[in-house]
Amino acid sequence: MTARWTAPAAPASVGRLRTAVVQLAAEAGFPRETLGDVRLAVSEALTNAVVHGYRAGATGELSVRVQIARAGGLEVVVEDTGIGLAPRLDSPGLGIGLSLIAALTADSSVTARAGGGTVVRM
């Protein structure tokens, strides 16, 4: 089963997209503790995209794709069309988002998106 959602890269979109992913995982039968990890990891990826991918009033889009394998695996891919992988010296966050994602998932990666932006795969 595969699902995909897009939304404007804005704080209000984070909750809506996170809820859609968690609902799909719940409907697929993932246990409650896994749903909590999914909720936090997806929230971190989306929040990072909004905060770090779009600066100084820039606008763009967030995309989330979820693939649920028959063997019980779950893959979530979060993409943005922002400025890509660039350090932010004035970061308003704690700087632990990617570490949290790595700790909560079996595997994760962060890569540049073709055409600009970032892809977080977990």
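Biologist: Glad to start with a side chain: is arginine 65 buried, partly exposed or exposed?

Modeller: Keep in mind that this is a predicted model. The relative accessibility of arginine 65 is 22%. Buried would need a value under 20% and exposed one over 50%, so arginine 65 counts as partly exposed.

Biologist: Which residue forms a salt bridge with arginine 65, with closest N and O atoms 3.6 Å apart?

Modeller: A salt bridge here needs a nitrogen and a carboxyl oxygen within 4 Å, and the closest N and O atoms of this pair are 3.6 Å apart. The pair links distant parts of the chain, with arginine 65 in strand S2 (residues 61–68) and its partner in strand S3, ten residues apart. That partner is glutamate 75.

Biologist: And which residue forms a salt bridge with glutamate 75 at 3.9 Å?

Modeller: Glutamate 75 is itself partly exposed, because its relative accessibility is 27%. The second pair joins glutamate 75 in strand S3 to a residue in strand S5, 46 residues apart. With 34% relative accessible area, that residue is partly exposed too, and it is arginine 121.

Biologist: How many salt bridges does a search of the whole structure find?

Modeller: Two pairs have come up already: arginine 65 with glutamate 75, and glutamate 75 with arginine 121. Another joins glutamate 79 and arginine 113, at 3.1 Å from N to O; it links strand S3 to the loop between S4 and S5, 34 residues apart. Shared partners join Arg65, Glu75 and Arg121 into one network. For the whole structure, the search gives three salt bridges.

Biologist: What is the bridge partner of threonine 6 in S2?

Modeller: Strand S1 (residues 2–8) runs antiparallel to S2, and seven bridges join the two. Within that pairing, the partner of threonine 6 is serine 63.

Biologist: Which residue in the turn between S4 and S5 has a positive phi of about 90°?

Modeller: Strand S4 (residues 109–112) pairs with strand S5 (residues 118–121) in the antiparallel sense, over four bridges. One of the facing pairs is alanine 112 with threonine 118. The two strands form a hairpin with five residues between them, and the residue with that phi is glycine 115.

Biologist: Last one: is leucine 85 buried, partly exposed or exposed?

Modeller: Leucine 85 sits in the loop between strand S3 (74–80) and helix H3 (97–104). Together with Leu98 and Val110, Leu85 makes a nonpolar surface patch of about 260 Å². Its relative accessibility is 54%, so leucine 85 counts as exposed.

Notes: Residues numbered from 1 in each chain as written. Predicted model: local features only at pLDDT ≥ 70, side-chain atom pairs only at ≥ 80, totals over all residues. Heavy atoms only, no water. Patch = residues over 30% accessible without salt bridge, like charges linked within 9 Å, V, L, I, M, F, W, Y side chains within 5 Å. Areas by Shrake-Rupley, 256 points an atom, 1.4 Å probe, with all protein chains shown as cover. Salt bridge = Lys/Arg side-chain N within 4 Å of Asp/Glu carboxyl O. Buried < 20%, exposed > 50% of the residue type's maximum accessible area, 1.4 Å probe, protein only. Pairing = 2+ DSSP bridges.
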